[in-house]
Amino acid sequence: MRILVTGGAGFIGSAVCRHLAANPKNHVVNVDKLTYAGNLASLRPLENHTNYSFFEADICDDTTILGILRNEKIDAVMHLAAESHVDRSIDAPAAFIETNIVGTFRMLNAALTYWRELPEPAKSAFRFHHISTDEVFGDLPFDSGIFTEETPYAPSSPYSASKAASDHLVRAWHETYGLPVVLSNCSNNYGPFHFPEKLIPLVILNALDGKPLPVYGAGANIRDWLFVEDHARALELVVTKGKPGESYNIGGRAERTNLSVVETICDILDRKRPRSGGKRYRDLITFVTDRPGHDRRYAIDASKIERELGWKPAETFETGLERTVQWYLDNDWWWQPIRGERYAGERLGAATKGPV
């Protein structure tokens with residue numbers, strides 16, 4: 001199967017590329033613009049794979065995308081390219097509108113043109129898989145409720161609003177033009193190669209540097225955590241076995257408060273890399289002003305993909321987090337250049353000024 005992955009140099013995208021390329025029957029074509037969070041170092045394991053190709057391109061350039069689809073004889077598109085950090089969307093939402101909404105529109109147009117040109121049976125087998133987030137559903141009370149595929153959309157941030165818009169576009173291209181699409185909405189991912197602006201890698205690296213570990217508000221906000229390699233396996237099932245027009249929620253059934261996540265990382269580091277003088281990493285926890293519009297709780301009902309496609313996460317939150325912390329301890333070659341050149345851990349999304 002020849003699969004085009006957009007955003008394949010990002011966190012989830014690179015995990016998808018590594019997973020798919022491990023099967024010699026697949027040929028993976030990675031398209032990425034290489035913005036600040038795109039990192040070809042995350043794809044180093046694929047450097048000698050003959051079934052992997054990379055193109056530096058912008059998803060908003062539908063002419064280039066259509067050329068790649070044709071030249072590479074693509075069987076399926078996995079559209080992951082997106083601006084994805086809520087805090088950055090608060091400070092500068094314009095990039096989220098351009099990439100997540102306009103970019104998805106351009107991708108759909110290119111895919112539709114290409115799909116219409118295909119002969120049977122390739123036309124019937126083609127899929128456009130749009131990868132989205134549970135944040136499009138808004139938030140839940142702390143003590144009840146769960147997101148299903150039928151949950152109404154209620155986005156809270158510029159990021160989640162842009163992803164909600166892209167979801168609606170994908171469904172419209174299916175209903176209006178017949179493009180065979182599948183969608184998936186996932187909970188918070190974590191794991192190796194995660195850009196250090198996000199909570200888990202930020203806490204790990206700040207802790208190793210002896211810096212404060214910022215926790216928004218009282219740390220009571222709850223997320224459902226999903227190990228990225230489990231997500232990659234789920235996405236392969238959706239694109240290969242999912243029913244056109246359907247959406248699938250993907251979650252780890254691992255709800256934790258933000259404070260609990262930070263404390264667990266501290267406890268793992270206490271065992272693996274103890275601080276000097278008998279100090280604990282928990283002593284670095286610092287409560288900071290909450291993020292504007294901070295959703296209270298996310299929780300995914302993944303029973304549909306478990307029931308219909310046979311997926312279940314292989315990692316618990318404890319085993320996945322243990323693997324993640326160890327990976328950052330063992331792979332400073334990957335994250336040190338990022339911390340030194342692109343993102344050193346500064347606060348984003350405080351909304352002290354208007355959007356740009």
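**Salt bridges and cysteines in the predicted model**

Arg 282 is partly exposed, at a relative accessible area of 27%. Partly exposed covers the range between buried (under 20% relative accessible area) and exposed (over 50%), computed with a 1.4 Å probe on protein chains only. The model is predicted, so local features need pLDDT of at least 70 and side-chain atom pairs count only at pLDDT 80 or more, while totals for chains, interfaces and linings use all residues. Residues are numbered from 1 along each chain as its sequence is written, and side-chain values use heavy atoms, with hydrogens and water left out.

Arg 282 forms a salt bridge with Glu 263, with 3.6 Å between the closest N and O atoms. A salt bridge here is a side-chain nitrogen of Lys or Arg within 4 Å of a carboxyl oxygen of Asp or Glu. Glu 263 sits in helix H9 (residues 258–272) and Arg 282 in the loop between H9 and strand E12 (285–288), so the pair ties together parts that are 19 residues apart in sequence. Helices (H or I, at least four residues) and strands (E, at least two) are DSSP runs, numbered from the N terminus. Glu 263 is also partly exposed, at 24%. Salt bridges that share partners also join Arg 253, Asp 301, Glu 306 and Lys 312 into one network.

In total, the structure holds 21 salt bridges. One of them pairs Lys 33 with Asp 58, at 3.4 Å from N to O. Lys 33 lies in the loop between strand E2 (27–32) and strand E3 (52–56). Asp 58 lies in the loop between E3 and helix H2 (62–71). The bridge therefore ties together parts that are 25 residues apart in sequence. Lys 33 has a relative accessible area of 46% and is partly exposed. Asp 58 is partly exposed at 25%.

Another salt bridge joins Glu 229 and Arg 323, at 3.1 Å from N to O. Glu 229 belongs to helix H8 (residues 228–241) and Arg 323 to helix H11 (residues 317–330), so this pair ties together parts that are 94 residues apart in sequence. Glu 229 is partly exposed, at 32% relative accessibility. Arg 323 is partly exposed, at 38%.

The structure holds 0 disulfides. A disulfide is counted as a pair of cysteine sulfur atoms within 2.5 Å. Cys 60 is in no disulfide, and the nearest cysteine sulfur, that of Cys 17, is 19 Å away. Cys 60 counts as buried, at 17% relative accessibility. Cys 266 is buried as well, with a relative accessible area of 1%.
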